[in-house]
Number of protein chains: 6
Amino acid sequence: MSGLSHFDQDGKAHMVDVSDKPVTARIAVAEGFIRMTAETLALITEGRAEKGDVLGIARIAGIMGAKKTAALIPLCHPLPITKVALDLTADPALPGIRITATVKTGGQTGVEMEALTAVSTATLTVYDMVKAVQKDMEIGGIRVTLKDGGKSGRFEQP
Amino acid sequence: MSGLSHFDQDGKAHMVDVSDKPVTARIAVAEGFIRMTAETLALITEGRAEKGDVLGIARIAGIMGAKKTAALIPLCHPLPITKVALDLTADPALPGIRITATVKTGGQTGVEMEALTAVSTATLTVYDMVKAVQKDMEIGGIRVTLKDGGKSGRFEQP
Amino acid sequence: MSGLSHFDQDGKAHMVDVSDKPVTARIAVAEGFIRMTAETLALITEGRAEKGDVLGIARIAGIMGAKKTAALIPLCHPLPITKVALDLTADPALPGIRITATVKTGGQTGVEMEALTAVSTATLTVYDMVKAVQKDMEIGGIRVTLKDGGKSGRFEQP
Amino acid sequence: MSGLSHFDQDGKAHMVDVSDKPVTARIAVAEGFIRMTAETLALITEGRAEKGDVLGIARIAGIMGAKKTAALIPLCHPLPITKVALDLTADPALPGIRITATVKTGGQTGVEMEALTAVSTATLTVYDMVKAVQKDMEIGGIRVTLKDGGKSGRFEQP
Amino acid sequence: MSGLSHFDQDGKAHMVDVSDKPVTARIAVAEGFIRMTAETLALITEGRAEKGDVLGIARIAGIMGAKKTAALIPLCHPLPITKVALDLTADPALPGIRITATVKTGGQTGVEMEALTAVSTATLTVYDMVKAVQKDMEIGGIRVTLKDGGKSGRFEQP
Amino acid sequence: MSGLSHFDQDGKAHMVDVSDKPVTARIAVAEGFIRMTAETLALITEGRAEKGDVLGIARIAGIMGAKKTAALIPLCHPLPITKVALDLTADPALPGIRITATVKTGGQTGVEMEALTAVSTATLTVYDMVKAVQKDMEIGGIRVTLKDGGKSGRFEQP
């Protein structure tokens, strides 16, 4: 399966050998959103200011989710994550919540899966906390916007 | 925070008390997709037929992900899952992979978070295995299409 | 080792057989504290009102910790937890934070270990978030204040 | 929230960026106790000599708990632990068990949370194994007694 | 794939639907061994009596391993285990350690995987603790000797 | 307990201090088998070619199992695994499946436990998926065949 490095020449899945790759400083940024009605969004943003804190909890879930990446994604290497930060902002035009995750490591392979898992976990956590008032929310736009620090060079998309 | 049951009257997050809810048969179905180029999709579908098996591995990751839901989502109840099945199909019109997850339980609360987590984990796993050939794939359309069996009645969206 | 039910008649540790115990509604409450200087406490309580939220994060960590009890404590039975709630309050007289956790289940054995684990995890999380400003904080007073619902009857201490 | 490094300038929690900190040899020591009646303590110490081994099991739980620190404490960095040792001794004057945990790493941040988690898990495990004979035991005195190897220098308290 | 219930009619793996199976009392017993030299065995048995406790630690690892079964084996259902006990005995004729694990549940599917996982984890733990003195030990004879309580009736082999 | 490095001079178990060991490239290979009837083996090998994929799923389980080694084996150090590959082949002469796992790390201690855990998990996964048609399968022959890269030199057995 030429090009798919997670399979050997016989098509068998393996965790790719990165033993000989240098330890370099790496960063990845991913983003995504959860779309809801303006009424549901208002419940979250009001709550945030006054009482409960949906976004604060989703942020923590995203950080902890990043640390579980290698346990969730079968062929991911365990990596010594050195930073995780999530930004969650209400976007009235969506309407919904936009989430960005930034992950860093000093390791032998990239952290885009950690950033994507952080975003996914945070969006799922928002869904869980709000589903009592709206069930037809939709999660989307999950993608890598920046990856840098490895052999393959800088990848960036607007 | 009226309506958001994951917060008490003081706005503090808690795992909702479901002690007095009856144990009933429950089902949830969720779906989502990962969009890629036609060339990347061809690598997956050819590989599936001949050698490696991206979709088979993503299916297993989704099933195992469903079992990790209560560990990932802070306020989710641990539930005795009785069935998890994932359907992954190549959609040349997307182009990309469409994923549907069906989860059942006999429990005191619903399994839509388990179904959503299964779909999310499977899409992330596809991304991981294919990212060597395409980095700008996008995950989206993650939503609940069916939920049934609890007090709140049947929820369905096309 | 008469009286210690976690050991059989030969002194070998086992997970006690609860197969024949009835499924009953059970509750346990545990408490504990983390002591710090008045200055450190002020950082937490001010932060809570304005910006960061040490107590909100510790609450989430406590809830998630309760779900990890059977993985942490070797001879604990896995239990279908039906409720977890934590109360964290600043006590200027301590000075520090007092934490109470309430856990419920419908199961065959009690949830006092889940309540204690929730309190322990929450106190450790407070320590972690505040340790940059004070290292000699002390965690203590961790004990069960209520246990009810099983064969051994109601246990309560003030 | 000046001084609390786990929050950024806007008060949002994050896993602190340690990418640029050097990898140094680090050590932390923490301690704690569980207080019980002299009769309960006697059951443990007799058992240890003859048959069951409460302290041996609590030691193993503490070592395994140290390895779960990053999964339990939301903002903790995963660290390559290079040593964990626990000392559990019966103290008739308490009466109860005193526990000390020593953890080492070669990493970019300290291991005091690992040492504290080891002590906490060990005390909870003792509670679990002895609770059939005494429910009003109390866990306390959990604190860091030594931390060395990082930028902030040596911290020690008697 | 007729007969292999873990695959649907199209050959896709799934977690089998057990929703309609009754909750019954179930038991499974599994066994296995780790073979070593008589000299290595002597180190373990002497240690057990006097100082360290290889078998006691392997027993705890086996009990904790049983609780991790659903996380390790992709298509296993999570089950409310109600009992786990391991018996580890030195067999000078092997020479080595023989291990038997008994697991019970009140659930909708059997616990033979939990019993097998307990035995496997215990044998691996013995290997780990003794490997400094002998590397060519061998683990074998892992099989189910009793399974009872479900629809398929009693299975027993000597 | 002379020779057993997992115990200190008082016989207490600890996670051995490897702080001062150099980080070197390390490799370990382990093997094992699961024996079944020729009829059962035929179900697996036919299925593999046509529809389901028992061996592909067992391979993924083995890779993920390797990453859980430090959580399963009490005194194992967490290690940054840099490669995991499993080879599963049908052996009509056994009859059954033979499994080999290769694990690499750049760390301070060896990865033979990771390789053994990968093999064990893969054999258990095969058992799970085939147990509906045969219950008296046997797992055996689990041993290390190669270990290299550390202070103790190269170990190899045919």
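## Strand pairing across chains

Two strands pair if DSSP finds at least two bridges between them. Strands (E, at least two residues) and helices (H or I, at least four residues) are DSSP runs, numbered from the N terminus. In this predicted model, strand β4 (residues 138-148) of chain A and β4(B) pair in the antiparallel sense, over 2 bridges. Ile142(A) has Ile139(B) as its bridge partner in β4(B).

## Interface of chains A and B

Chain B puts 57 residues into the contact (heavy atoms within 4.5 Å). Chain A puts in 56. Together they bury about 4600 Å². Buried area is the accessible area (1.4 Å probe) that two parts lose on being put together, summed over both. Carbon and sulfur atoms carry 71% of it.

## The chain B side

On the side of chain B that touches chain A, α1 (38-50), α2 (54-67), α3 (69-72), α4 (112-130) and β4 (138-148) each supply at least two residues. α4(B) gives the most, with 12 residues.

Chain A and chain E share no contact; their closest C-alpha atoms lie 10 Å apart. Chain C and chain F do not touch either, with nearest C-alpha atoms 10 Å apart.

## Conventions

Residues are numbered from 1 along each chain as its sequence is written, and chains are lettered from A and ligands numbered from 1 in the order in which they are written. Local features need pLDDT of at least 70, side-chain atom pairs count only at pLDDT 80 or more, and totals for chains, interfaces and linings use all residues, while side-chain values use heavy atoms, with hydrogens and water left out.
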